[in-house]
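Please look over the aromatic rings in this model with me. My notes follow as numbered points.

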Amino acid sequence: MTSSERRKIAFLGTGLMGAPMVRRLLPASFPVTVWNRDLRKAEALAPFGATVTASPAEAVDGADIVFTMLSDGAAVTDVLFSQGVAEALKQGAVVVDMSSIAPPIARDHASKLADHGIAHVDAPVSGGVVGAEAGTLAIMAGGDAAVIEALTEVFAPLGRVTHVGPSGAGQICKLANQQIVAITIGAVAEALMLVEAGGASREKFREAIRGGFAESRILDLHGQRMVDRNFEPGGLSRLQLKDLNAVAAMAEALSLELPLTEDIRQAFEKFVAEGNGELDHSALLLHLEKINHRKGAADDRN
């Protein structure tokens, strides 16, 4: 397929995750039109070959595929149905929502778009900014299998896609992913505090257990963040809390008790309420240090 035959893409939401994803799509010869609420973030992609528009409805005009990567379900609903996107889309277009939103909202979006003759795939991702930049995202896709299969070439520059079930299934899998991420962040943070309190080095402990049963991407990336005390955001703490609140709502709807998830949700709730929502979610370490009346490793050395 030549570049002139490539399907036209509109990408709505070019923040921390969306921008590197657009930069992955453009070298693959997909024509990409972008929009972002803060126009400056969209304009930053123009030098890479993206076409910038002032409104989401303008961005999707003539698009075959529309990606959304927005902050929450309310933002996606607003862009799709209040800002004219659903009406502006042509028949047969596909909306691929890569935002992390509640499964019932995703299913509602799919139903409403179907009334316009538009397919919908909920395809949230895991892998963070690092994965978005490297094109190694884990993409959990819910929706029609044939629609998702037809998007294989488009997903390829972004990462590995897995069809996990019908509409809404991608979002429920993302929530389960966020459970694991949050609980593991808490486990790594508590372990680092324990070894330091017992006289060992946080950094050397992390090195020592690499390759053992406790190895994980969280230990690798966020464990290093905790050692370095570098909490510039990759994944915002307030968004981690948003996902954990969605897990709690789904657990209640499904009559499930998830005690580990509820404990970590409450920890993030307190951390964000104290004004730390814009820090990386690995910064939960700071909350755990505070309730234990301990200073960080870097402070202890001073």
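1. Are F67 and F155 buried or exposed? F67 is buried, and F155 is buried too, where buried means under 20% relative accessible area, exposed over 50% and partly exposed in between, with a 1.4 Å probe and protein chains only.

2. This is a predicted model, in which local features need pLDDT of at least 70 and side-chain atom pairs count only at pLDDT 80 or more, while totals for chains, interfaces and linings use all residues. Residues are numbered from 1 along each chain as its sequence is written, and side-chain values use heavy atoms, with hydrogens and water left out.

3. A search of the whole structure gives 2 aromatic pairs (rings of Phe, Tyr and Trp, the last by its six-membered ring, pair if their centres lie within 6.5 Å; planes under 30 degrees apart count as stacked, over 60 as edge-to-face and the rest as tilted). The pair of F11 and F67 is stacked, because the ring centres are 5.5 Å apart and the planes meet at 25 degrees. This pair links distant parts of the chain, with F11 in strand 1 (residues 9–12) and F67 in strand 4 (residues 65–68), 56 residues apart; helices (H or I, at least four residues) and strands (E, at least two) are DSSP runs, numbered from the N terminus.

4. F67 also forms an edge-to-face pair with F155, at 6.4 Å centre to centre and 70 degrees between the planes. Here F67 in strand 4 is linked to F155 in helix 9 (residues 152–155), 88 residues away. F11, F67 and F155 form one aromatic cluster.
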